[in-house]
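Open the model in your viewer and keep the sequence panel beside it. This tour tells you what to select at each stop.

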Amino acid sequence: MLRQIQAILLFICFGLLSMGSVYAAGAEQLFKFYCAQCHGLEGKGNGPNVTESFATDPRDFTDRAEMEKLSDADIKNVILDGGPSASKSELMPPWSKTLTEEEVDTLVSYIRKLCKCQAKQ
Ligand code: HEC
């Protein structure tokens, strides 16, 4: 009996662990699907959509100094409501109709990983 309970508990633990990694892959997939065409696969702002007709380059998320000027709320709001909501370029689209708030939170954490930087408090 005890053995069985142990086995079940182990099973649940592994289940939770693997769910955790699926969640992390989720962030990367979201980014690749919705953001990388402009911001680049590594977040450097050089995605394949960016041509000379782009009046403003997409933000380079690996630019630590610039990214540390933004709080997580700043990043979240600009993703939800688009560039103009933060007096930025309209080339940055609003995503609130496409992504859930949870997905946007995931993307904010992912962007912090790309910049390897701290949020402005
Ligand atoms: C069509 C191209 C395009 C796509 C797609 C795009 N962006 Fe942007 N993004 C831009 C541009 C251009 C800027 C720069 C705006 C500026 O500096 O005026 C920008 C800026 C940003 C900023 C920085 C704002 C700031 O305050 O400096 C964040 C954060 C951001 N984008 C997140 C995302 C995320 C997350 C996605 C995917 C869900 C995404 N973007 C998809 C073009 C795009």
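Is glycine 47 buried, partly exposed or exposed? Select glycine 47 and look around it. Glycine 47 counts as partly exposed, because it has 16 C-beta neighbours inside 10 Å. The scale works like this: 20 or more other C-beta atoms within 10 Å of a residue's own means buried, 12 or fewer means exposed, and anything in between means partly exposed, with C-beta atoms placed from the backbone.

**Before you go further**

This is a predicted model, in which local features need pLDDT of at least 70, side-chain atom pairs count only at pLDDT 80 or more, and totals for chains, interfaces and linings use all residues. Residues are numbered from 1 along each chain as its sequence is written.

Now colour by confidence. pLDDT is the predictor's confidence in each residue, from 0 to 100. The protein chain averages 89, and 82% of the residues score at least 70. Confidence is lowest in H1, at a mean of 72, and highest in H3, at 98. Where pLDDT is low, the predicted coordinates should not be read in detail.

**The whole chain**

Switch to cartoon view. The protein chain has 4 helices and 0 strands. Along the sequence the pattern reads α-α-α-α. Helices (H or I, at least four residues) and strands (E, at least two) are DSSP runs, numbered from the N terminus. Of the 121 residues, 15% count as buried.

**Back to glycine 47**

Glycine 47 sits in the loop between H1 and helix H2 (64-67). Show its contacts. Two residues are in contact if their C-beta atoms, placed from the backbone, lie within 7 Å. Leaving aside neighbours within four places in sequence, glycine 47 contacts Ala36, Gln37, Cys38, His39, Gly40 and Pro58. Next, draw a distance from glycine 47 to cysteine 35. They are 12 residues apart in sequence, and their C-alpha atoms are 8.6 Å apart in space.

**Alanine 36**

Select alanine 36, in helix H1. Alanine 36 is partly exposed, because 18 other C-beta atoms lie within 10 Å. Not counting residues up to four places away in sequence, alanine 36 touches Phe31, Leu41 and Gly47.

**One side of H3**

Which residues of H3 are buried? Select Ile75, Val78 and Ile79. They lie on the same side of H3, because they cover an arc of only 100 degrees around the axis. That arc is taken from the directions from the helix axis to the C-beta atoms. Now show H4, which is part of what covers these buried residues.

**The core**

Select the largest nonpolar core. A nonpolar core is a set of buried Ala, Val, Leu, Ile, Met, Phe, Trp, Tyr and Cys residues joined through C-beta atoms within 7 Å. This core has 12 residues, including Phe31, Phe61, Leu70, Ile75, Leu107 and Ile111. H1, H3 and H4 each supply at least two residues of this core. Zoom in on isoleucine 111. Not counting residues up to four places away in sequence, isoleucine 111 touches Gly43, Phe61 and Ile75.

**Backbone turns to check**

Step past the end of H3. Go on to serine 87, in the loop between H3 and H4. Serine 87 is not a glycine, yet its phi is positive, about 55 degrees. Serine 87 is exposed, because it has 7 other C-beta atoms within 10 Å. Proline 93 is also found in the loop between H3 and H4. Proline 93 and isoleucine 79 are 14 residues apart in sequence, and 7.6 Å apart in space, C-alpha to C-alpha. Then jump to lysine 116, in the segment after H4. Its phi is near 50 degrees, a positive value in a residue other than glycine.

**Last stop: the ligand**

How many residues surround the ligand? There are 24, and the closest are Cys35, Cys38, Lys88, Ser89 and Met92. A residue belongs here if its C-beta atom, placed from the backbone, lies within 6 Å of the molecule. Helix H1 (2-39), helix H3 (72-81) and helix H4 (101-115) each give two or more residues to this shell. The largest share, 5 residues, comes from H1. Colour the shell by type: 15 are nonpolar, 6 polar and 3 charged. Here Ala, Val, Leu, Ile, Met, Phe, Trp, Tyr, Cys and Pro count as nonpolar, Asp, Glu, Lys and Arg as charged, and the others, Gly among them, as polar.
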